[in-house]
Amino acid sequence: MKTKILMGLLAMMIAGLIAVPWIASYFYIFILTEILILGLFAASFNLIFGYTGMLSFGHAAFFGIGSYATALVLIHLEWPFLACLLVSMGASALLALVIGFLSVRLNEVYFAMLTLAFGMMVFAIAYQWRSVTNGSDGLAGFTLGSFGLGLDLTLGNPSVYYHVVLAIIAIAAVVLYLICRSSFGLILKAIRQNPERVSFAGLNVRTYRLVAFVIAGSFAGLAGGLMAPFLRVASPELLHWSMSAEPVLMAILGGTGYFLGPFVGSAVFVLLETWITSFTESWMLVLGIILAMMVIFFRKGLLGTALDWWMEVKK
Amino acid sequence: MSGIGAALLNSLDIGLLLFIIAVGLNIVFGVLNIINFAHGALYMLGAYLAFTLINLVGMPFWAALLLAPIGVAILAVIIDRVLLRFIYSRDVADSLLLTFAILLIINESVRVVWGSGIHVVQPPQLLSGSVELLGSSVSTYSLFVIVIGLLLLAGLWYLFNRTRVGRIMRAAALDRDMAEALCINTRMVVTGVFAFGAWLAAVGGVVAAPMRALDPGMGDKIIIESFIVVVIGGLGSFPGALLGAIVLGLIHGFGGRYLPEVNLLLPFLGMALVLLFKPNGIMGKGATA
Amino acid sequence: MKKTSMKKLLVAMTAAATLTTAGTSYAEDPIRIGGIYILSGSAATYGEFAQKGIDLAVNEINASGGILGRQVEMVYEDSQGKASVAIQAARKLVYSEGADALVGLDSSGVAQGMVPTMPELQKPLIITHAATPDVTGKLCNPFTYRISVNVAQNMKAAALVAAETDATNWTTIGPDYAFGHQSWEFFGNYLKDIKPDVNLMSETNFPRFGAEDFTPFIDRVMNSDAEGVLISVWGGDLVNFIRQANTRGFFDKDMEVMFTVGAATEVLSALGEEMPEGVHLSTRYWYDAYDNEVNDRFVKAYIDAYGTAPSYNAEGAYAAIYAYKQAMEAAGTTDGPAVAKALSGMSMDAPNGKVTFRAGDHQAMVSPNWGVSGPMHPEHGIRTLTNLQIFDGEKVARTIEETGCKL
């Protein structure tokens, strides 16, 4: 019964999201596009953090590579959008394979530090390799051509782009969800709780971690590929450790224990930022206070706390 | 030849300054298993407090060196009592997140209180000027930094190895439950160590102030440098922090001179290489999965 | 219909119309201008300066009746120095806050990313700080204007100054990103044109942006046979650079030292006497260089309000607001495309003299100020500038073909 109510709520929310361009003010199309893309970014991060228990501080490397890949393909090859996204996913998966292979051997803090180091190395390369990436200024001036698959869509129209993003992210989220719910996902959760036990059961923990890392990386790359045309620019700050901190914050805000937690976190983060910056220039201060409260009192995040309470109450 | 000599002196100077700033981070991790992301912000506070005391109140540099770190340490005690006590029993990720939140709060507060402008702190009269060494001119203040760094190292070694306080801290680091069973008040040890780490960060800030322009972003710049130092040297080992600091100093000093196209990349490459081949750092605690 | 009732109806209708329009003009919405600047982090001081200049302009304009009879309201957004943040901020200002026009941009990277999106937003943007030549070059569009000096203009002036010295071997120390490299590139090309026998040394110096230690580069230049150095380091980095250079005796060497953004007030007030005398300093606007009514009024009002001499960033932002006033009143509306069109070719009286937005690329035909650092100013706590040079705006500007702008 409870799950039916939750499913109903979810369906209503999706209907609401589809209807946004007609029911909300124009600006919200941009806000929601951003929320969806960052939500996927955060959800991909949660695969390695919430499910597998690895805190990565370099996840933006994959997001950023996705952005740059799409930008470069659009500038130099002018391929249809879907093809660009596939290239983004491929590039980020490859990068995740390399970085992951080298990193998943390490534990906890060391893993965090190494992913931070790799992330910043990618940043440094993008920043200084001016001939390819245009350095600190980043790549701009690329326009979207066709969508691909023979579909004729004016991607330049923010409403149309929003619906495209919504569709792609919904599909990606479903795929990611199925992965999390599969036996593979269960093993990841087991690894988070007790890696030694899992390895005693005969499974290669490192391989599972690596596969999770690559999957997460490729979905982050997809998010990055969707972000570049939306922002009209691919710049090094998308690779910086401060960008890597965002999915961490969003996962915590929403709740790492539930699949949709990071999406909720993304919505909360972006909406708070938009509203609070209208009142004060000290948005970082407010964010810090909110984050501190969340970590101390609502460690399960907003969705996590709400759903846990709901499950308890409705027993 | 003067190129190498200058590069070496420069590296030592940068390295020891980094050591003074980063060693507190290392100690806090070593004893408390907390990564204090706000370490850079505490360093910045030390520098800004020194600026206020020296430029606005008119105190001499030495007075600021004494007072500003104490002020920051008191703030650290408050932070510990009010916020950090909730997460000591939780895992490292939570400490990273909470201290990151504290970083955001301190950063913005500094900008609100002191404004966005650039501020300069003068070195004390005694230490201004320069000397000729190894074929190039070195500022007296740089030599002071090197001396302070080495004194600090000696002092810390003495503290940890020869005093009761040090032994208590090491005990608490090795096995907190056991230490508690032996009636050591680990709550106080924890607050004390965190405050000590903050004190060290602030000392770093005051010492760095005459050498660096103060601006609201200085905390962010230093925290990543501190992480690199601590990783290369070894999390939890303060002689390691010195080694890590000197290595990073060398990377900046020589890399800046001879390899400018990759000078942004090199420190992180160094950090990654250490983590890949000697994750304990050159002298630290266990790391593999 | 009977004549008298017709008349009565007409009178009634006219009365009603007059009353309603009278009612509306009292309840008119204010004109909103959005400002996107760096308000946090290391470079927050620039955003703060811009706000100071803008607030001064807005208060003055509102006190004298506003624009088109409406009051002016500012809304600010922090770009954080990131193009990705700035673009969303621009969308928020235009779609959610109802901004009629935009001013802003401290960072060239941000400008490069944001300028191409202005035609979508259909609102004019006046750039008051970012100096990348491309925004009034290959990225130009009908909605983007710049009131401040760009790198090309500043470097042409620099080359003119450099050509008058005896130095033939030139090198540079600049931050390792677009600004540092572009400054050297433009300077070198212009100088070679004027004085073909100069030697642009192959050994150049580009410390990473935000590097806190410049001694390796200071030493390199001192040990080379450079006779002239073009230094484009700025802000906090420049403060660190000069202090470190002082201890190493950099300024005692017989070299022409040119600081392309050295006469910035935040640098001068931080350094005080530590800024050496006898070096070439430049800024986009020097408060003491202009002898006209607008500047006298502006400088006095600024010092009265804030206690310090106005920086170039404050002046550029101040002038931009007045530019909008003039453009909106000329167009008779706040409609984006109309205002953007009105700005084209428009001339206005700014603190730095008569400023014209060239129709071909929307760049203001202005000159940077180059001078030589002199004794400390008795009241303002910063060095004075002697041998001030103001160049003819048209002379230092590139030709339209050179900019690559196709409007």
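Chain C and chain B bury about 2,500 Å² between them, and carbon and sulfur atoms give 45% of that area. On the chain C side, Arg208(C), Glu212(C) and Arg243(C) lose the most area to chain B, together 25% of what that side buries. The model is predicted.

**Chain C against chain B**

The contact involves 30 residues of chain C and 37 residues of chain B. One salt bridge is found across this interface. Arg212(B) and Glu212(C) form it through their side chains, at 3.1 Å from N to O.

Four helices of chain C give two or more residues each to the side that touches chain B: α2 (44-63), α8 (215-223), α9 (235-247) and α10 (265-271). Of these, α9(C) gives the most, with seven residues. By residue type, this side of chain C has seven nonpolar, 12 polar and 11 charged residues.

**Chain A against chain B**

Here 43 residues of chain A touch 44 residues of chain B. The buried area is about 3,700 Å², with 79% of it on carbon and sulfur atoms. Tyr110(A), Met113(A) and Trp241(A) supply 19% of the area that chain A buries against chain B, more than any other three residues.

One salt bridge is found across this interface as well. It joins the side chains of Arg299(A) and Asp94(B), at 2.8 Å from N to O.

On chain A, the elements that give two or more residues to the side touching chain B are α5 (108-128), α10 (205-231), α11 (241-254) and α13 (283-297). The most comes from α5(A), with 15 residues. This side of chain A divides into 33 nonpolar, four polar and six charged residues.

The two interfaces are set out below.

| Interface | Buried area | Carbon and sulfur share |
|---|---|---|
| Chain C and chain B | about 2,500 Å² | 45% |
| Chain A and chain B | about 3,700 Å² | 79% |

**Helix packing inside chain B**

Helix α5(B) (residues 140-162) packs against helix α10(B) (residues 238-258) at an angle of about 160°, with the axes 10 Å apart. The two helices are therefore roughly antiparallel. From α5(B), the contact uses Leu153(B), Leu156(B), Trp157(B) and Phe160(B); from α10(B), it uses Phe238(B), Pro239(B) and Leu242(B). The contact has seven nonpolar residues, no polar and no charged.

Definitions and conventions
Residues numbered from 1 in each chain as written. Chains lettered and ligands numbered in written order. Predicted model: local features only at pLDDT ≥ 70, side-chain atom pairs only at ≥ 80, totals over all residues. Heavy atoms only, no water. Contact = heavy atoms within 4.5 Å. Buried area = accessible area lost by both parts, 1.4 Å probe. Salt bridge = Lys/Arg side-chain N within 4 Å of Asp/Glu carboxyl O. Nonpolar A, V, L, I, M, F, W, Y, C, P; charged D, E, K, R; others polar. Axes fitted to C-alpha atoms, helices over the stretch in contact; angles between N-to-C directions. Parallel < 35°, antiparallel > 145°, perpendicular 65-115°, else oblique.
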